[in-house]
Structures are given as C-alpha cells and as structure tokens.
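Dear colleague,

Please find below the structure I promised to hand over. My notes on its contents follow directly after it.

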Amino acid sequence: MNSVTVSALTQYVDQEVELKGWLYNRRGSGKLLFLQFRDGTGVVQVVVSKKDVPEEVFETAKRIGYESSIIVRGKVTKDDRSALGVEVQGSAVEVIQEVHDYPIQITEDVPNIDKLLDLRHLWVRSKRPHAILKVRSEVVQAIRDFYYQRDFVLYDAPIFTPASCEGVSTLFEVPYFDETGYLTQSGQLYGETGAMAFGKVVVFGPTFRAEKSKTRRHLTEFWMVEPEVAFLELDGIMDLAEQQIQYVVGRALDKCKAELKELERDTSILEQVVKPFPRIHYEEAQKVLQQLKVDFAKSDDPELVKLSGDILKQGLGADLGAADETALGMHYKQCICIHHYPREVKAFYMKADETGKYAMGVDVIAPEGVGEIVGGGQREDSLEVLEAQIKKHNVPPESVSWYVDLRKYGSVPHGGFGMGVERCVQWITGCQHVREAIPFPRTIYRLTP
RNA sequence: UCCUCGGUAGCUCAAUGGUAGAGCAUUCGACUGUUAAUCGACAGGUUGCUGGUUCGAGUCCAGCCCGAGGAGCCA
C-alpha cells in the first residue's frame, strides 16, 4: 500500500493509500464519521462509515480526541464537496497515541494572541499559523534565491560582537569569559568588510535589539537580510531594494496562493508591487505630509482625523514618525522609498549629500500600516569625514578601528540595506502582529516557549 | 520610560453595590453527507493579588502584579 501525503493525494484517485498524521477535527453522526485528518502537508476528510468497517475501527474513530496521532488506510475518491477535490473512504484507523485533552480548540471565538503564544509549540499546528509560517519559509527561500542568482556571496556576520555597531541602541549584554560581549544588532559593518573583499555580499541572520518596544511591529529577536555592495551608490541601492522586494512578493503570490487564501488576504495591493516604487526626497515627503495633515483633518473618518493630529508631530526637519509612515503608505498605496533624511537623525556611517544637510539613506515604507521594512543607504567612504562623525556621535574609536581601516585601504563608494524578514512576512500575509511571522517570537515580556 | 485600555468557567464575553450567568469547547447521549455540523443532558468559579469603604464588593477606593495597544527607538 502507498504511504502518501495529503498534498499528493489527488494523484491517487481510486487507489488504496496509507496516511500518517493527526486527527485535526471530527464531525458526524452515530453511523457516519467525518475525520478531518492532517499530516502537515494539508487536511483531508476521511469518511468512516459504520456499515463498511469493523466495529472496533468505527469505535476507535469515534473515541479518539483531537491531535491523536494516527495511521489511516482507505481508498481515495473524487468528491466535489471537498475543498481538496478528494476524500478518503477510511477502512482502518491505527492509533499511535490517543489524546483527550488537547488544549487548543477550533472555535470562532479567537482567543487573545497572548494565550495562544503561551501554547505556540502546539498552536503552530493550526491552520492560520501554519499558513503564515509557510509564507515565511517561501519568503526566506526567495531572498536566498534572489541573491544567489545575482552572484552575491553569502557572508555570515558574527552574533557575538564586542560593542554596538551603531553606537546607540540598547544591546543585549552577555558574559563572554573575562569580558562583556553583546548580541549583534546588525551585521552591516561586517557586511562592508565583505563588500571590499567580494564585491557583492549578503548577510542573513538573526538580529537582537534590547529596545523596550511594545508594538505589533517589534521583536527583540528578528531576522534581517543585509546586502552590501561595493561601487553601488544611492540610486543603485534603491534599485536593488525595489527589485528584491518585487521578487520576494512575486514569489509569495505565485507559490503561496493556498496560504494567502486561507489567511483571507486581499492581495490587490501586493499585486501593485510590480510597479516602480515612488522615490521621494525627504523634503518632498514633508510637503506631502503637510497636505495630508490638512486633508485628513477634513475627513469624516475619525481614524483619519486622529491620524492627522499625529502627522509631523515631531516637527519639520525631524525624523518621520509612525503616523507619518502610515499616512504616506495610505497616500501612495504601495511601497515607497524615502531618501535623504536629515543627517542628524541617522547613524554615523551614513554618507552626507553635497549640501551636508542630508544623509544619503533610504527607507522603504510598506503600505497598509506595516511601516518601514527596509532601511539603508550609501556609507561614508571618506576617512576624514568618517572619523569626524565617529567623534561627533561619541562612538568609542577603539571599537570601530577595524571598520575605519576599510577607509584607509582602498575605500570606494558603497552601500546596502537591511530588510526585516518578519515585517516583510507580516505585510505579505496581512497579519496583525509581527509576532505571528516567526515560529517563536521574542518580545520584551516573552521568552517562552 | 511615558500615555491609554484591560484581567470573571478551558476559550469568547455578560452581570444598577444585592443568589456567579450565557455561547462555544470538554464529558455523556441522539442522528448515514457533515464543512466553524446540529439537537439534548451533566459538569465546570479563590471574579489577577493585598488591603480598605459598606449590612453587603466582580462592581467603589488605594497599592501591587500581569497583559494589550500606542509613543519614543527601530527592521
């Protein structure tokens, strides 16, 4: 007998098969049972009819609780009433482990996410997390393929680092023998060493931020992909970010149709991602925001009126806030690149433009309220300017001396960006919390399971 | 760190200061085509914790604990 997966079942119509997996749900009557059987690749309905099977098989199928591990045998039949197109006429149910107290129920009342995250080790079996995490898997593979196809060298940055890469954010401190180490908050500075060695590299790994952020966009541990390219300037960096996002979203739309349908994701905005992303200078963004502030204030929608009040709250010439990003996303209804932020609000390694007022950095803002998914730009390549910036930002010079060496030995214009994998997945799947976009989210108040 | 909101049955939520309730899930029973099945029954409680006001507190007050959303910071 063929041992097969649910995903391949349509190829076995009218054949006897064996399925190994778990009981997902059950409906039925006194003489006819409908087992919803899952094996990780999909869910299929197994029909067990009292008149067609031995008494003990029917009794077993009726008795076992949800998530009991079972082996089911039966004949695959076509059935138009099934979403899958086929179902299995069960003839035997072998129990591996019988379960009667599975703690997650299938219900229309959605428990709050915190309770489900306490059960994350089991919740991942349910349809929604299953779909989101499959999209994540596809997104990660698409990222790897994108850079591999373009001859980037995978260049892993260390996770233990001696000090802050940016000299600002809160880092996780870890004892490291006789000294103090920190968990990396970005592989970028290491990526720059790779760009000078290989031309085009990509750093891809976990990143840690000890910021006490409590929003649906923040994790303390998240995955970031960070390409870094020698001789690439701001326009080229924007081209790369745009192409990468278009490729990744395209792959998800192509390969994850079933998952996006399960999530009831309206993909119309995602389909717009093939168009060029508007590229907006910071000064222009401020003008657009001033206009949006006025327009939204007149709206009938109280949400928009509230948003209007938060637009440009930090003042002209300051960094953009979350409300500003949301408003711009709503206005353009697709990904936008905002470049040339004020130099003061950006990190020490950012290259200044010819005016000296702006940094040649770029953020990509995703629509639909997800906000920033990419941050990057051109790096300062002048030794003198970089040293001045290090002094100005109070970065301990000894901690970045190796980095400064890159400007002493064959410095060239270069740059790159970082994209947060979870935020990208959050946007593509349309999920409310970035916490759902990673198997085991780590936030300020969650270290388990 | 700050602002706002919340914590009652396994889950989602009710309950003018006056007997602690419902739906769903579990358990038991009925039903041969169910798609979040349906119908009937049983069971299920230290109302986050501590103290206070009151004849009487889930409800009012104070403190604390836990969580959520947002700000800031960021991807």
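**Salt bridges and domain contact**

At 9% relative accessibility, Asp79 is classed as buried. Its salt-bridge partner is Arg81, with the closest N and O atoms 3.0 Å apart. Arg81, by contrast, is exposed, since its relative accessible area is 76%. Please bear in mind throughout that this is a predicted model.

**Salt bridges across the structure**

A search of the whole structure returns 24 salt bridges. Besides the pair above, I would draw your attention to the following.

Asp118 and Arg446 form a salt bridge whose closest N and O atoms are 3.1 Å apart. This pair links distant parts of the chain, as Asp118 belongs to helix α2 (residues 113–118) and Arg446 to the segment after α14 (421–429), 328 residues apart. Asp118 is partly exposed, having a relative accessible area of 43%, whereas Arg446 is buried at 8%.

Arg251 and Asp145 form another salt bridge, with 2.9 Å between the closest N and O atoms. Arg251 counts as buried, because its relative accessible area of 14% falls under the 20% limit. Asp145, with a relative accessible area of 22%, is partly exposed.

There is also a network of salt bridges, which links Glu192, Glu228, Arg379 and Arg407.

The domain assignment divides chain A into domain 1 (2–97) and domain 2, the latter made of two stretches (122–278 + 334–437). Taken over C-alpha atoms, the centres of domain 1 and domain 2 are separated by 45 Å. Six residues from domain 1 and four residues from domain 2 take part in the contact.

Between them, domain 1 and domain 2 bury about 430 Å², and 49% of this area is on carbon and sulfur atoms.

As to polar interactions, three residue pairs are in polar contact between domain 1 and domain 2, counting pairs with both residues at pLDDT 80 or more. Sorted by class, the side of domain 1 that touches domain 2 consists of three nonpolar, one polar and two charged residues. The count of salt bridges between domain 1 and domain 2 is one.

A salt bridge also joins Arg125 to Glu67, where the closest N and O atoms are 2.9 Å apart. Glu67 is located in the loop between α1 (55–63) and β5 (69–78). Glu67 counts as buried because its relative accessibility is 6%.

Most residues other than glycine have a negative phi. Glu67, although not a glycine, has a positive phi of about 70°.

Asn394 is likewise not a glycine and has a positive phi, here of about 55°. Asn394 sits in the loop between α12 (383–392) and α13 (401–405). Is Asn394 buried or exposed? Asn394 counts as exposed because its relative accessibility is 66%.

Finally, I would point to Arg120, which lies in helix α3 (residues 120–123). Arg120 counts as buried because its relative accessibility is 0%.

Which residues is Arg120 in contact with, leaving aside its neighbours within four places in sequence? Those contacts include Pro129 and Leu133. They also include Arg435, Glu436, Ile438, Pro439, Phe440, Pro441 and Pro449. With regard to Glu436, the side chain of Arg120 reaches the backbone oxygen of that residue at 3.5 Å. Arg120 and Pro103, which are 17 residues apart in sequence, have their C-alpha atoms 11 Å apart in space.

With kind regards

Key: Residues are numbered from 1 along each chain as its sequence is written. Chains are lettered from A and ligands numbered from 1 in the order in which they are written. Side-chain values use heavy atoms; hydrogens and water are left out. Domain bounds come from an automatic or database domain assignment. Contact means heavy atoms within 4.5 Å. Buried area is the accessible area (1.4 Å probe) that two parts lose on being put together, summed over both. A salt bridge is a side-chain nitrogen of Lys or Arg within 4 Å of a carboxyl oxygen of Asp or Glu. A polar contact is a pair of N or O atoms within 3.5 Å; within protein, one must be able to donate a hydrogen and the other to accept it, and residues adjacent in sequence count only if both atoms are side-chain atoms. Ala, Val, Leu, Ile, Met, Phe, Trp, Tyr, Cys and Pro count as nonpolar, Asp, Glu, Lys and Arg as charged, and the others, Gly among them, as polar. Helices (H or I, at least four residues) and strands (E, at least two) are DSSP runs, numbered from the N terminus. Buried means under 20% relative accessible area, exposed over 50%, partly exposed in between (1.4 Å probe, protein chains only).
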